[in-house]
Amino acid sequence: MKQIIDKCRLFLCFFSGEDDFIIKKCNIIIQKSFATIGLLVILIFAICWTSASLFMSFIFDGSNWISIPIGIFWGFIVTNLYLLLLYTFSPAILPVAIKKKVKVKGKQKKVVYKKDSLQRNTVYSFSFFSRISFLIFLGIIIIQPFNVLQFAASPTYANKFAFTLRTIMNENVQAWFNTFFCIMLFILPVFLKYRVRKISEDQFDKDFGGGKIGDELEYIRYEISNPSDYQRLVKYIQTIDINSIRTSDFYFQKTLIEYRIILDEYTAFKTSYCDLLKQNINIYNEQCRNKILNQFQGDYTINSKLKARITNQLDKDLMDEEIEFYEYSFDPPFRTGHKLSGNKPGTEAQLLENIYRTN
């Protein structure tokens, strides 16, 4: 019985829009939260389907052959839109650089002027309120066919949809209660998302009481938002065994996995880039060598010593070299800021002394 309940819970977690592979590694509280979100998403799909079917039935005088397919199609559209919008309420995982346009030598150029912190608070932002307002708008629209079905005096009045709806909202308090209930249904998953975020933050310290892997994870968790030593952080992320991590900090696990994927792919890209560039340079060097040496063929005026010296010089100039991908940012591949130069600029007096120095 317990296995069936666990499978049902993980099945519902799939509809929450988050990775069920990470969810099943978290504690039961987070799993239940995501399962509740998945259940609400399924319920929202059913309500959207029924709402659209009722509306089309009112418009086309009870034609089920057209109302039901359109209801299913509309339900999928609204549910996918809702899931996409719900996903935006997750905390920021990857670093983002905010850029602004400046004029450099008369030309517009985008430069990084601020690194977006992963710990920023978005609850009171304009974006947050606009997304919540859109969810409220969806809830108001979706519930109205149910109000018409419940409170319309007769199907004849139901066909006059706009007039009937205005009359119902003016005369029936229950219709306002239904609308409020639907709005709460659309907003409740957002509340559960923030609840999961709070639980994740509180549970991390309880999961690791020390030890090597605990120290590494604690270092990664507190350095990943604003790293003081990026190269050390990258080394930890790329060498740690992610499958062995058992923590209820859901968003930390998700951050770690996405960082690992990006860093591994970027490392593979740099290797392929350098190998391809080195291969092309070798081909060019070989062509250059052959063209120069071919000039000596049949030219008996050039002695063997001169030819040997030219050949040795070609060997030095066209020798194979190690190629390294140049990084101008301190945190590739996210590129939220340029590398700081290791050379400390001198003073004006030192510059003048260097220019007018006499031997």
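I started with two helices and noted that helix 3 and helix 5 make a left-handed crossing. This is a predicted model, so I'm reading it as such.

**Helix 3 against helix 5.** I looked up the geometry next: helix 3 spans residues 28-59, helix 5 spans residues 126-151, and their axes come within 8 Å, crossing at roughly 55°. Angles of 65 to 115 degrees would count as roughly perpendicular and those under 35 as roughly parallel, so I put helix 3 and helix 5 down as oblique to each other.

Which residues meet here? From helix 3 I listed Ile-47, Cys-48, Thr-50, Ser-51, Leu-54, Phe-55 and Phe-58. On the helix 5 side they meet Ile-142, Pro-145, Phe-146, Val-148 and Leu-149.

**Aromatic pairs.** I searched the whole structure and got 16 aromatic pairs. One I wrote down is Tyr-82 with Phe-186, edge-to-face, 5.4 Å centre to centre and 85° between the planes. Tyr-82 belongs to helix 4 (residues 64-87) and Phe-186 to helix 8 (residues 173-207), so this pair ties together parts 104 residues apart in sequence. Buried or exposed, I asked of Tyr-82? Tyr-82 is at 1% relative accessibility, so it counts as buried. Phe-186 is buried too, with a relative accessible area of 1%.

I then checked Phe-250 and Tyr-251: the ring centres are 5.0 Å apart with the planes at 80°, so that pair is edge-to-face. Both Phe-250 and Tyr-251 are buried.

**A cluster, and a charge.** I also found Phe-89, Phe-128, Phe-129 and Tyr-194 linked into a cluster by ring pairs. What sits over the ring of Phe-89? I found the charged end of Arg-131 there, 4.7 Å from the ring centre.

Key: Residues numbered from 1 in each chain as written. Predicted model: local features only at pLDDT ≥ 70, side-chain atom pairs only at ≥ 80, totals over all residues. Heavy atoms only, no water. Phe/Tyr/Trp six-rings, centres within 6.5 Å; stacked < 30°, edge-to-face > 60°. Helix = DSSP H or I, 4+ residues; strand = E, 2+ residues; numbered from the N terminus. Buried < 20%, exposed > 50% of the residue type's maximum accessible area, 1.4 Å probe, protein only. Lys NZ or Arg CZ within 6 Å of the ring centre and 35° of its normal. Axes fitted to C-alpha atoms, helices over the stretch in contact; angles between N-to-C directions. Parallel < 35°, antiparallel > 145°, perpendicular 65-115°, else oblique. Left-handed = near helix turned anticlockwise from the far one by under 90°. Contact = heavy atoms within 4.5 Å.
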